[in-house]
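Please take a moment to look over the structure shown below, and keep it in view while reading the paragraphs that follow.

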Amino acid sequence: MHNEQFNNRNVSDNGYYLVDIEDYPTDGWGKFKRVVKRTFRGELFVGLWVVLREMIKFDIHTVSYPQEKMPIGPRYRAVHEMKRLWESGTERCIGCGLCEKICISDCIRIDTKVDENSRKEVTEYSINLGRCIFCGYCAEVCPELAITHGGRYENASEQREHFVMFEDMLTPIDTLKAGKQLEFEGFGAITPHEDERVKKTPLSY
Amino acid sequence: MDVAYLIETVIKVVVVLLIFSALAGIGTYFERKVLAFMQRRLGPMNVGPYGLLQVAADGVKLFTKEDIIPSNVVPNIFKIAPVITAATAFMAAAAIPFLPQFTLFSYTVHPIVADINIGILYVLGMMGVGLYGPLLGGMASANKFSLLSAARGAAVFISYEVVTGLSILAPIMIVGSLSLVDFNAYQSGGITHWLVWSQPVAFVLFWIAAFAETGRTPFHLIANDHEIIDGFGTEYSGMRWGLFFIGEYANMFFISFVIPLLFLGGYGDGSMLGALGLLGKMAFFFFFFLWTRAAWPDVRPDQLMWLCWKVLMPIAVINIVITGLVMMF
Ligand code: SF4
Ligand code: SF4
């Protein structure tokens with residue numbers, strides 16, 4: 001598929017032609033003739049045949065939703081997920097707080113402390129899904145590819161404030177061990193072939 | 001009037017009422033399924049096997065819903081209007097022979113509630129009185145859309161009464177009776193005796209007018225959802241709305257009985273086969289109501305009036321004149 005054919009604005013070359021539409025009748029005799037013609041042309045029966053044909057073919061296009069679901073794209077931005085490191089299985093989140101800072105609807109709340117190894121540790125992390133607009137900025141800004149969007153788009157809660165906590169978003173450890181953790185391909189993900197395109201920092205200047 | 005006759009009539013009335021109330025419900029199921037299949041959908045699937053219990057679910061919903069009488073309506077008329085629609089629809093059924101007479105436990109049953117000698121006139125008259133349901137309901141509703149629908153209802157019913165009346169005048173002249181049983185007897189000689197061969201124009205006109213009488217799709221103006229919400233039914237809820245619905249579907253079934261009885265030989269010679277034939281023809285006409293709903297667009301009210309007064313009525317009159325001339329010579 002090439003774009004050239006769409007860029008060619010010279011429509012008369014593209015097989016376009018003016019449809020031959022008769023003028024509307026103005027006098028009574030013309031109108032009468034039109035009525036008679038339309039009455040006996042049998043267009044109504046064409047309509048009947050078309051729907052009957054569809055009924056006989058029985059080519060049903062329904063997705064019976066709760067039992068069947070349409071696949072969604074890998075870049076779809078639904079409820080967030082927290083990823084783990086592939087090798088060690090620990091959380092990728094380093095508690096930098098960038099996501100909390102960038103969130104335009106102010107719905108991420110994060111609390112950290114310094115743990116016994118003098119490393120920063122996330123103690124609280126929640127997203128208020130009632131406020132989240134699923135813009136994807138948090139996933140884009142995250143330096144560790146820790147917070148991403150997932151594919152779970154069905155949510156229900158009794159109140160508008162509907163939170164997901166860190167533990168709910170975190171990939172379960174067995175899923176990781178089974179090698180089933182999915183990387184997110186949307187906002188903030190590494191573009192394919194990035195290695196070939198990246199340039200080394202020119203230290204010489 | 002002896003007691004046996006009274007009891008028999010009461011039983012017949014109850015049976016007709018029950019069967020056609022139930023059929024009206026099942027009719028909605030068929031309508032949903034047929035429309036769905038024609039539009040490549042599945043229709044109701046979740047309540048019961050293949051959604052068969054959807055009718056029951058809807059019934060429970062309608063019966064248990066709150067019966068709201070809005071504050072600005074005229075309460076008594078508002079309350080009585082749905083009853084008029086349903087009642088007149090069922091009253092019209094009294095003169096329709098649904099099946100040929102049969103013998104049950106050595107007792108001859110005539111499956112017609114009252115074999116009156118003006119059957120057709122009575123059926124059409126009763127269906128005409130059905131106009132008062134939408135008319136009064138719409139006018140009493142204190143809602144502009146309902147009022148519009150009431151006005152349309154009056155216009156459509158009155159105009160198409162003319163077409164129905166004139167179109168069956170010619171067959172009546174040929175048969176020489178107004179009773180549906182006589183009509184059936186006239187055509188009982190088999191397919192070649194059907195009135196549709198001698199009166200094709202009247203048949204088509206009557207069929208077209210039947211769509212207006214029942215308010216079905218090409219002429220679905222009285223409760224046209226995409227223009228005037230639900231028309232006269234907008235302010236109704238619960239079982240009162242349900243009565244309108246039952247009336248509409250019962251009307252469809254009855255008119256589907258009347259068309260074959262008038263033009264297509266009815267139950268023929270009265271054998272088992274003839275009875276099944278009548279049910280088959282009825283099913284076809286009922287299916288056709290659903291079929292057109294999937295296929296055809298609605299016409300505008302002015303087009304409907306145009307069609308009635310400038311096209312159908314002149315044709316009906318010409319048909320009568322020609323029939324008369326042919327019969328005279
Ligand atoms: S998707 Fe947007 S709104 Fe939602 S938490 Fe992330 S940054 Fe905030
Ligand atoms: S999720 Fe990402 S951006 Fe947010 S605190 Fe953790 S590492 Fe930082």
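Which side chain meets that of Glu154(A) in a salt bridge? In this predicted model, the partner is Lys69(A), and the pair is 3.1 Å apart from N to O. The two residues come from distant parts of the chain, since Glu154(A) sits in the loop between strand 4 and strand 5 (163-165) of chain A, while Lys69(A) sits in the loop between helix 3 and strand 1 (80-82) of chain A, 85 residues apart. Glu154(A) is partly exposed, with a relative accessible area of 35%, and Lys69(A) also counts as partly exposed, at 44% relative accessibility. Side chains of opposite charge can pair when their charged atoms come close.

Over all chains, a search of the whole structure finds 16 salt bridges. One of them joins Arg41(A) to Glu43(A), with a distance of 3.0 Å from N to O; here Arg41(A) is partly exposed at 48% relative accessibility, and Glu43(A) is partly exposed with a relative accessible area of 44%. Because Asp58(B) lies in helix 2 (residues 54-64) of chain B and Arg32(B) in helix 1 (residues 3-38) of chain B, the pair ties together parts that are 26 residues apart in sequence.

The next step is to see where the two chains meet. Chain A and chain B bury about 1,400 Å² between them, and 75% of this area is on carbon and sulfur atoms. Leu48(A), Val51(A) and Met55(A) supply 37% of the area that chain A buries against chain B, more than any other three residues. The contact takes 13 residues from chain A and 14 residues from chain B. Between the chains the count is 1 salt bridge, which Arg40(B) forms with Glu54(A), the closest N and O atoms lying 2.9 Å apart. On the side of chain A that touches chain B, helix 3 (residues 43-57) of chain A gives the most, with 7 residues, and by class that side has 8 nonpolar, 3 polar and 2 charged residues. Arg40(B) and Glu54(A) also belong, with Arg53(A) and Lys57(A), to a network of salt bridges.

Two ligands can be considered in turn. Ligand 1 is surrounded by 13 residues, of which the closest are Cys103(A), Ser105(A), Cys132(A), Cys135(A) and Cys138(A), and its shell has 9 nonpolar, 4 polar and no charged residues. Around ligand 2 there are 13 residues, with Cys93(A), Cys96(A), Gly97(A), Cys99(A) and Cys142(A) coming nearest; this shell has 11 nonpolar, 2 polar and no charged residues.

Some details of the backbone of chain A deserve a careful look. Most residues other than glycine have a negative phi. Phe134(A), however, has a positive phi, near 55 degrees, and its place is in the loop between strand 3 and helix 5 (137-141) of chain A. Leu145(A), which is not a glycine, likewise has a positive phi of about 55 degrees, and Leu145(A) lies in the loop between helix 5 and strand 4 (147-149) of chain A.

Finally, Glu124(A) can be found in strand 3 (residues 120-128) of chain A. Leaving aside neighbours within four places in sequence, Glu124(A) is in contact with Arg109(A), Ile110(A) and Asp111(A). Glu124(A) is partly exposed, with a relative accessible area of 45%.

Notes: Residues numbered from 1 in each chain as written. Chains lettered and ligands numbered in written order. Predicted model: local features only at pLDDT ≥ 70, side-chain atom pairs only at ≥ 80, totals over all residues. Heavy atoms only, no water. Contact = heavy atoms within 4.5 Å. Buried area = accessible area lost by both parts, 1.4 Å probe. Salt bridge = Lys/Arg side-chain N within 4 Å of Asp/Glu carboxyl O. Helix = DSSP H or I, 4+ residues; strand = E, 2+ residues; numbered from the N terminus. Nonpolar A, V, L, I, M, F, W, Y, C, P; charged D, E, K, R; others polar. Near = heavy atom within 4 Å. Buried < 20%, exposed > 50% of the residue type's maximum accessible area, 1.4 Å probe, protein only.
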